[in-house]
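Here are my notes on this one, point by point. Have the viewer open while you read.

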Amino acid sequence: MRPGGFRPKNYRRTLTYLAAGILISAVTLYLALPILALLIRITPDMFFATLHDPEVVSALWLSLFTTAITLTVVILVGTPFAYFHSRYSYPGKVIVDTLIDLPLVLPPAVAGVALLVLYGRVGILGRYFNMLGISIAFTTLAVIMAQIFVASPFYLRQAKSLFEQLDPAYEQTARTLGASSLRILTQVTLPMTATGLVSGAVMTFGRALGEFGATIMFAGNLPGVTQTMPLAVYVGMEGNINVGLTISILLVIISFGIMIAVRLIQKREAGRA
Amino acid sequence: MKGTLTPCKLAFISLIYGLLLVSALFAGCTQSTTSAPATPVATTVPVTAAATPVAVATTAVPVTVAPTSTPAPTFTPSQSNLVVFTAASLTGASNTIGSSFTKAYPPTTVSFDLDGTQALKTQIENGAYADVLISASNTYTTALKNEGYLVNSSVKPLTTNYVIVILPASNPANIQSLADLAKPGVKIAMEDKTVPAGTATIAVLNNLANSTYGQSWKNATISNVVTYELSEPAVATKVALGEVDAGFVYQSTATAAASGTYQSITIPQKYNYLQTYTIGILQESTNKPQAAWFEQYMLSSAGQNILSEYGFTPVVSHYK
């Protein structure tokens, strides 16, 4: 401690540091300890042995496959949707805004029940699909639909607000210079919002990867077809606990990987700007 | 306030207090583990041992809170509410059981935690509080007994149940016999193998395959399964909704359902699997006298009548 450390002014400053330090370490520990516990609970040998368990392998591939499709659909449909939504005003825009936010507050289990009574075999729409020989519930398609329903708002909200915040002057300038609408979108609008769009996509990916409630209600639990990683964790915790722990650790690793990737992208973008 | 918190200072300070907090946590943790009242030692579950310090440490963060939240044992009947962990297949019967027990032993009330027995077992092993466990699986009951969670002398067979096939009332796949379950395109729901009813179903499928229908029937039937649910009522719901063509459930579910909910196909007793439910008192129960009343009531003719009403088969005398 520096000389004169107990003068009233310094004393107060020390107190502030103390409070900040306690607060920061408490929050950090609260968030980090459970993850640490997960890693301590299983031995590395057991982890690598369980990694080859067919249940773990099929859940991992199914999760990666379904979330990849979810992400592709959300980006391909969500980006132009968010663009038009933010550029034009139309009747009922407020309702659409509310609907976009709804899945964020709706319990996923409710989303699953809702999807089931709509697209299920005897559902309001599902019965017509069924007549055409298309079944949706309890298939991999149902897993993807549940993920899109629950996770897309993260991307849509982000894209919407990015396009809204983008100064229209840039696009207008490009237009006066004779650029086509497509060229403006691909060379002005999207590059200027890319970083934000990527972080929105990552949030969607993370949420889709963790989807549980809607999936188990709407898609069921069939290994290799609808049993994604979170479902396999749940089943594992009630049977072979090592399967549950191994998949949990895999999900932690994937989550960290995603966050690191985002940081790197944002850093590169910031450096370029 | 002009306190400039440079990142460097902050990092140093948080490191110091972080270390302090960790040491405090571990001090608190050793205290709480030593003072915890006779927690059953799970010697048969090796994975639990390693995580205990960390798990306890997180709960010990608010230092002012007492290490265990369970109240001191108070045997005042007027206060008591029994927590009964109950196999999900008793969901239908649970309300009647609760209200008639309270009528017989006022004012002791009962709260049921209904879930697949495999889930109840995991919860108990991870520290969930319960007074009584009604398990739908002898295997899980034995495991919990060996791990020291149950008062072993209190564990008794409670009732039994057979496996049955239920179909939606409209029978969309036109299933007339067990053989039809193997028809291509039939959608079947059953329980996961960790769920007692799932274990029973697999045993039944094996019995049927070995006796009458053959291995290819069994394989075709299993490939028709579209979902492995995590409790027995979840299968019944999928059938009731008409989302699947058939489901393997307990006989009690078919009996207790309102008429017109399902069609059913019974499985001959000699190929069926008799699932024995057990009732037992938890070692850590702080309401053991009331828990014993509850067990007595369930084994008495009053309790057994409720169970028969909901389609359960009484335990045959030689089991007792």
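1. Chain B holds eleven helices and ten strands, where helices (H or I, at least four residues) and strands (E, at least two) are DSSP runs numbered from the N terminus. Bear in mind that this is a predicted model: local features need pLDDT of at least 70, side-chain atom pairs count only at pLDDT 80 or more, and totals for chains, interfaces and linings use all residues. Residues are numbered from 1 along each chain as its sequence is written, while chains are lettered from A and ligands numbered from 1 in the order in which they are written.

2. Of the 320 residues in chain B, 41% come out as buried (20 or more other C-beta atoms within 10 Å of the residue's own; exposed is 12 or fewer, partly exposed in between; C-beta atoms are placed from the backbone). As for contacts (C-beta atoms, placed from the backbone, within 7 Å), 80% of those in chain B with a separation of 6 or more link residues 24 or more positions apart.

3. Strand β8 of chain B (residues 246–250) has five of its five residues buried, so the rest of the structure largely encloses it. Strands pair if DSSP finds at least two bridges between them. β5(B) (residues 163–168) runs antiparallel to β8(B), with four bridges, and V163(B) sits opposite Y250(B). β6(B) (residues 188–191) is parallel to β8(B) over two bridges; here I188(B) partners A246(B).

4. There's also an open, mixed sheet of five strands in chain B, ordered β2-β1-β3-β10-β4. Its edges are β2 (109–115) and β4 (156–161), each pairing on one side only. Inside that order, β3(B) (residues 132–135) and β10(B) (residues 275–281) are antiparallel with four bridges, and L133(B) is bridged to G280(B).

5. α6(B) meets α7(B) (residues 215–223) at about 145°, axes 7 Å apart (axes are lines fitted to C-alpha atoms, for helices over the stretch in contact; angles run from 0 to 180 degrees between N-to-C directions). L205(B), A209(B) and Y213(B) from α6(B) touch Q215(B), W217(B), K218(B) and T221(B) from α7(B).

Terms used:
Contact = placed C-beta atoms within 7 Å.
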